[in-house]
Amino acid sequence: MQQLPKFISTLFFFIIFPSIFNGNIAIEAHNATFYVHNKCPFPIWPATAPNNGQPIIADGGFYLAPNQTQKIIAPLTWNGRIWARTGCKFNSNWKPACETGDCDGRLACNGLIGTPPATLVEFSLQGEKKASFYDVSLVDGYNIPVFVAAVKNKDPKCSILGCLKDLKNFCPHELEVLNPRGEVVACKSACLAFDVDNFCCRNEYGSPENCKPSVYSKMFKEACPNYFSYAFDTPTPLVSCFSKEYVITFCPYGWGGGNDGEYQSE
């Protein structure tokens, strides 16, 4: 974990300074900023979906090549979700256009929620004077790992580290999502796969006392200990920190590595 501060500070330098020279500081001072970074060795199509009453940011979705970063401006009180779509072909007449996280075959989701399973980054920004809340959720399932950090906040509790293992490599057969080539592209949660109350923490199981970890959520937790593995995961992986700027890095450990949990900066 020793390389995390170096990575954050380096990324911060290269993506903040251009905005200074473009004269955007006055605008960004009254907004929050997300820096979405792709460290996967393949393109992704990040997407955003606001909660009710919130505006759509970044048109709801965009293309992001490997090793590229996209800056997104959002209101200081924005709340919603951010995820990555994979395996997209928008020039096709077939729907869905993406193998994971698809939103009705569109590049710009325009407020639509992606089709699960997909690893979700969830934000509830609280303005300048209150700590904001954010987490990474596998409650519906997993497609790729993600790292989240509050820029300028050196508290390690403000960072959500990526996974120790790629869940797709050992996803149980009954949870697998396959592409047309027969490759595992995502791993469903037990709730999504079976739609039963005890896995979904609903009805008589709708409380922390009655809804306990399952063999599936424990598998998710072992691979990604800093994410929500099911609805009532404890201790809560929810983060509360002061910041107006956040780095969201998909595939933070590169691809096929990270089993030792050490961050690998480039």
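Predicted model: local features only at pLDDT ≥ 70, side-chain atom pairs only at ≥ 80, totals over all residues.
Biologist: What makes strand E4 and strand E5 a pair?

Modeller: Pairing takes at least two bridges by DSSP. Strand E4 (residues 79-85) and strand E5 (residues 120-124) have 4 bridges, in the antiparallel sense. Therefore they count as a pair.

Biologist: Where do E4 and E5 sit in their sheet?

Modeller: The order is E2-E4-E5-E6-E12, an open sheet of 5 strands with antiparallel pairing.

Biologist: Why do strand E2 and strand E12 stand at the edges?

Modeller: Strand E2 (45-50) and strand E12 (239-241) each have a single partner strand, so one side of each lacks a neighbour in the sheet. On average, neighbouring strands here are turned by 20° against each other, direction ignored.

Biologist: How do you know that strand E1 pairs with strand E13?

Modeller: The cut-off is at least two bridges. Strand E1 (residues 31-38) and strand E13 (residues 245-250) run parallel and are joined by 6 bridges, so they pair. Valine 36, for one, has isoleucine 248 of E13 as its bridge partner.

Biologist: Which sheet holds E1 and E13?

Modeller: An open sheet with mixed pairing, in the order E3-E1-E13-E8-E9. Its edge strands, E3 (69-75) and E9 (159-160), each pair on one side only.

Note on methods: Residues numbered from 1 in each chain as written. Heavy atoms only, no water. Helix = DSSP H or I, 4+ residues; strand = E, 2+ residues; numbered from the N terminus. Axes fitted to C-alpha atoms, helices over the stretch in contact; angles between N-to-C directions.
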